[in-house]
Structures are given as structure tokens and as C-alpha cells.
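Please examine the sequence and the model before reading on.

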Amino acid sequence: MKIAFFDAKEYEIAAFERHKREDIEFKFFETKLSEDTVSLAKGFDGVCVFVNDTVNAAVIDGLKENGVRIVALRCAGYNNVDVRHCFGKLHVVRVPAYSPYAVAEHAMALLLTSVRRIHKAYNRTREFNFSLSGLTGFDLHGKTVGVVGTGKIGRIFIDICKGFGMHVVAYDKFPDEESGIEYVSLDELFSRSDVISLHCPLTEETYHLIGKETLSKLKKGVIVLNTSRGALIDAEALLEGIKRRIVGAALLDVYEEESDLFFRDFSGHIVEDDVLARLISMPNVIVTSHQAFLTEEALDGIAETTVQNLIAFRNGDVMENELCYRCGSIEDCKKARKTRCF
Ligand code: NAI
């Protein structure tokens with residue numbers, strides 16, 4: 001089986017080399033998959049894509065014309081794939097979980113960095129500036145954290161926060177009443193939380209979950225933490241919230257318009273995105289470039305599951321990680337399906 005691997009980075013190639021099998025040949029392309037690059041997939045059985053590859057209707061039709069039969073996402077989120085359009089044309093598999101600890105721990109790393117001003121202290125002491133002025137932080141203990149999305153990552157983040165003695169409230173479209181988590185409405189979460197951390201998927205419903213209308217509902221000085229998907233937050237509204245001192249800090253591993261920027265080195269270039277440039281210039285904003293997943297354990301998990309997904313496809317088996325639109329909704333299909341999607 002021949003697989004065209006798009007947006008390949010050296011750390012991923014190393015992980016896939018560790019899990020390689022003789023019967024699956026990966027060809028690594030640095031470029032992202034898009035309408036402009038879809039022709040590269042000609043002659044391949046499948047494509048392997050990541051969060052910022054484009055798998056829209058035009059790309060799907062192009063892949064099908066080029067003989068591709070499977071899209072293997074090497075990530076959990078699938079907002080960049082038109083799964084509905086894939087139905088009957090291309091199988092879609094993903095890696096639903098690969099060290100959720102990696103993402104939850106990164107979220108806490110961002111939070112601690114911000115509240116204890118570690119990023120500022122690091123720069124100071126490198127220049128032998130041992131002054132403490134302006135470095136006053138605050139205790140997380142006793143603060144309220146609002147977690148949106150209590151799936152695999154959200155729950156681990158909740159446990160970490162509880163370890164810090166934080167009070168946790170949560171909102172989930174599908175709350176798990178058995179979990180012992182204190183579920184509240186989204187509005188109540190907004191008004192009570194000192195820290196809001198987003199761990200839900202990006203869907204039509206969650207697009208701009210934090211936007212212009214939300215600002216007035218937030219507790220003054222709230223810390224907004226996003227390690228999920230950029231478009232959960234309206235970046236311009238966030239900027240306004242920071243300028244109006246409603247948002248006390250924004251800690252972002254993802255950004256709405258990240259796809260043309262993240263994972264690449266733009267130092268020495270003029271970045272055209274004024275909103276991102278302004279956000280990064282703020283003293284209370286920390287941006288990491290979609291790095292939360294990046295641990296050895298997660299990379300190994302991604303490579304292992306992707307290879308298993310491809311083997312199941314080649315063997316004609318039911319693919320437990322297949323995304324399917326046969327039932328009219330991916331979520332309903334996941335619950336109901338015991339066979340291949342088509
Ligand atoms: P999961 O599927 O285990 O949990 C998602 C939770 O969100 C579920 O409990 C679900 O019921 C809930 N949800 C669905 N629709 C919702 C809505 N409209 N409002 C509120 N909650 C809703 O997913 P997991 O593994 O916990 O991942 C969460 C997100 O993290 C992914 O969707 C992905 O976008 C992001 N992610 C980011 C990474 C990074 O490197 N920054 C790496 C991996 C995932």
C-alpha cells in the first residue's frame with residue numbers, strides 16, 4: 001500500500017520510521033494537501049493528513065480521480081475534512097486518542113507559565129536581571145476553572161486542576177452525569193470562572209464560542225486557555241476583551257488563522273496577520289504553535305494507530321476509527337455502525 005504523507009515534519013517522519021512495516025510505503029511531502037497539491041496523490045492508495053491540510057469537496061473529488069481510496073488523519077479533530085462529501089467516495093480514519101495527557105499537561109503548563117510569569121522571569125535571569133518587580137502572580141488554589149468539553153482531554157485537565165486545589169465547573173453538550181463533575185450552563189460557566197479552558201471539538205455550534213457577545217458574560221480578569229481549535233475563539237473579539245481589561249490573559253496553542261503560519265519558521269519575515277501580531281505583542285498573551293500534542297508518547301501513539309488503521313483498511317476489516325456520514329451525523333454513525341461506512 002502506498003501512502004502520500006502531507007505536511008510532513010522531521011519529528012513525525014522519525015515516529016513513522018519507528019513504526020514502519022514493509023507492506024506500507026510512505027512518501028513524505030513537506031507541502032500541505034490542498035487543491036493546488038492534490039495531483040501529488042496520483043498513484044497512491046491513500047493520503048495521510050494533519051490538522052492544517054485541506055480536505056474539502058474539491059480536494060476529495062481530486063483525490064478520488066487520482067485513485068486514492070482512504071484519508072488517514074493523524075490527529076483526533078476532523079474539522080478540516082468534509083466527511084459528508086467523503087461518504088461513498090473515500091474512507092476516512094483518524095487517531096481518536098494519542099496521549100490526551102500531552103494536551104492536558106500543556107494546558108496546565110501554559111496556565112502556570114502565565115500566572116507565575118515564568119516566561120518573563122526566564123528572559124530576565126538570562127540577562128542577570130534578578131528583579132522581581134512586575135512578577136507578582138496568584139495562587140491557583142481556590143480559583144474556579146470552567147472546562148468546556150469533558151471528553152478525554154477535558155477530564156484529565158480537570159483532574160490536574162483538582163490536584164492544584166481548584167474548584168471545577170464544566171459544560172458539555174453531552175454531560176456525563178455519573179462522572180461527579182459539576183455541570184453548569186455555558187453562561188454560568190462564563191460568569192463564575194477565573195480560568196476558562198476549551199476542550200470541545202470545533203463544530204458549527206462551537207464556532208466562535210467565545211466571541212463579541214460573550215465578552216459581557218465573562219468574569220473580569222478571566223484567563224482564557226485554548227488548546228483545542230483556534231476558531232472556537234473569535235480572535236478579534238479576544239483582542240478587544242484584552243484591551244477592555246475583561247480578559248486578564250489569553251493562552252493559545254491554537255489560532256483561528258493558524259493554517260498558513262503554524263509549524264513554520266517566519267522569523268525574519270513580516271507577518272501579515274495584524275490580529276495575531278497584536279495578540280503576540282500583549283504582555284498577557286502566550287502563544288504556542290499547536291504544540292500541545294508534541295510529546296514522544298503522543299507521536300508514537302499517532303504513528304502506531306495510523307498504521308493499524310491502514311492495515312485494517314487494506315485487510316478489508318471494520319475500521320474502528322473510521323469517520324462516517326452514512327447515518328446523517330458522524331456522532332450518530334459512531335454509535336450505530338458495526339460495519340464499514342460503505
Ligand atoms: P473528546 O471527543 O474525547 O471530547 C470532546 C468533548 O466535547 C466530548 O465530551 C463532547 O461531548 C464535547 N462536546 C461536543 N460538542 C460540544 C459542544 N457543542 N459544546 C460543548 N462540548 C461539546 O475529544 P478530546 O480527545 O478530549 O479532544 C478535545 C479537542 O482537543 C479535539 O476536538 C481537538 O480539537 C483538540 N486537540 C488539540 C490538540 C493540540 O495539539 N492542541 C491535540 C489533540 C486534540
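The model is predicted, so local features need pLDDT of at least 70 and side-chain atom pairs count only at pLDDT 80 or more, while totals for chains, interfaces and linings use all residues. Residues are numbered from 1 along each chain as its sequence is written, and side-chain values use heavy atoms, with hydrogens and water left out.

Domain 1 comprises 2-98 + 296-336, and domain 2 comprises 100-287; these bounds come from an automatic or database domain assignment. Their centres, taken over C-alpha atoms, are 29 Å apart. Contact (heavy atoms within 4.5 Å) joins 13 residues of domain 1 to nine residues of domain 2.

The two domains bury about 970 Å² between them, and carbon and sulfur atoms give 56% of this area. Buried area is the accessible area (1.4 Å probe) that two parts lose on being put together, summed over both. Of the area that domain 1 buries against domain 2, Lys32, Asn52 and Asn79 supply 43%, more than any other three residues.

Three residue pairs, both members at pLDDT 80 or more, are in polar contact across this interface. A polar contact is a pair of N or O atoms within 3.5 Å; within protein, one must be able to donate a hydrogen and the other to accept it, and residues adjacent in sequence count only if both atoms are side-chain atoms.

A backbone N or O atom of Ile153 lies 2.9 Å from a ligand oxygen atom. For Thr227, a backbone N or O atom is 2.9 Å from a ligand nitrogen atom.
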